[in-house]
Amino acid sequence: MGGGGWYYVPKVWTPSGGWWGAPKAWKANTAVAAAGIFLTCFGIFTVSASKERRPIPPAWHIPSQRWCKFAKVDDPSLP
């Protein structure tokens, strides 16, 4: 009933991977995770920018008015 020799493994969990913190495909895993995060954030940004409305013009300039779809319609004082 083998499966290899036995060796002591401490029961420790860490977010960085514990005792084996460098998996073989860490670069590919990191690239896939970064691409997924980027695509998710880009999708949220796109939907947010297309739906943003300001029925009352703001008293001062708001940075998101640069990319907001309805900024010129909602605030006629914009250049």
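Colleague: Where should I start, and how are the residues numbered?

Modeller: This is a predicted model, in which local features need pLDDT of at least 70 and side-chain atom pairs count only at pLDDT 80 or more, while totals for chains, interfaces and linings use all residues. Residues are numbered from 1 along each chain as its sequence is written, and side-chain values use heavy atoms, with hydrogens and water left out.

Colleague: How many helices and strands are in the chain?

Modeller: Both are DSSP runs numbered from the N terminus: helices are H or I with at least four residues, strands are E with at least two. Here the chain has 2 helices and 0 strands.

Colleague: What share of the chain counts as buried?

Modeller: Buried means under 20% relative accessible area, exposed means over 50%, and partly exposed lies in between (1.4 Å probe, protein chains only). By that scale, 11% of the 79 residues count as buried. The accessible surface of the chain is about 7200 Å², with 70% of it belonging to carbon and sulfur atoms; such areas come from the Shrake-Rupley method with a 1.4 Å probe, and for residues only the protein chains shown count as cover.

Colleague: How many aromatic pairs does a search of the whole structure find?

Modeller: Rings of Phe, Tyr and Trp (its six-membered ring) pair if their centres lie within 6.5 Å; planes under 30 degrees apart are stacked, over 60 edge-to-face, and the rest tilted. The search finds 2 pairs. One is phenylalanine 38 with phenylalanine 42, stacked at 6.3 Å centre to centre with 20° between the planes. Both residues lie in helix α1, 4 residues apart, about one turn of the helix. Phenylalanine 38 counts as exposed because its relative accessibility is 55%, whereas phenylalanine 42, at 49%, is partly exposed. Phenylalanine 45 and tryptophan 67 form a tilted pair, 5.6 Å centre to centre with 55° between the planes.

Colleague: Which parts does the pair of phenylalanine 45 and tryptophan 67 tie together?

Modeller: Phenylalanine 45 lies in helix α1 and tryptophan 67 in the loop between α1 and α2, so their pairing ties together parts 22 residues apart in sequence. Tryptophan 67 is partly exposed at 44% relative accessibility.

Colleague: Is serine 64 buried or exposed?

Modeller: Serine 64 is buried, because its relative accessible area is 14%. Its place is in the loop between α1 and α2. Contact means heavy atoms within 4.5 Å, and leaving aside neighbours within four places in sequence, serine 64 is in contact with Glu52 and Arg54.

Colleague: What polar contact does the side chain of serine 64 make?

Modeller: A polar contact is a pair of N or O atoms within 3.5 Å; within protein, one must be able to donate a hydrogen and the other to accept it, and residues adjacent in sequence count only if both atoms are side-chain atoms. The side chain of serine 64 makes one with that of glutamate 52 at 2.8 Å. In the loop between α1 (26-51) and α2 (71-74) lies histidine 61, whose side chain has a polar contact of 3.2 Å with that of glutamine 65.

Colleague: How many disulfides does the count come to?

Modeller: A disulfide is a covalent bond between the sulfur atoms of two cysteines. The rule asks for a pair of cysteine sulfur atoms within 2.5 Å, and the count comes to 0. Cysteine 41 is partly exposed at 47% relative accessible area, and cysteine 68 is buried at 11%.
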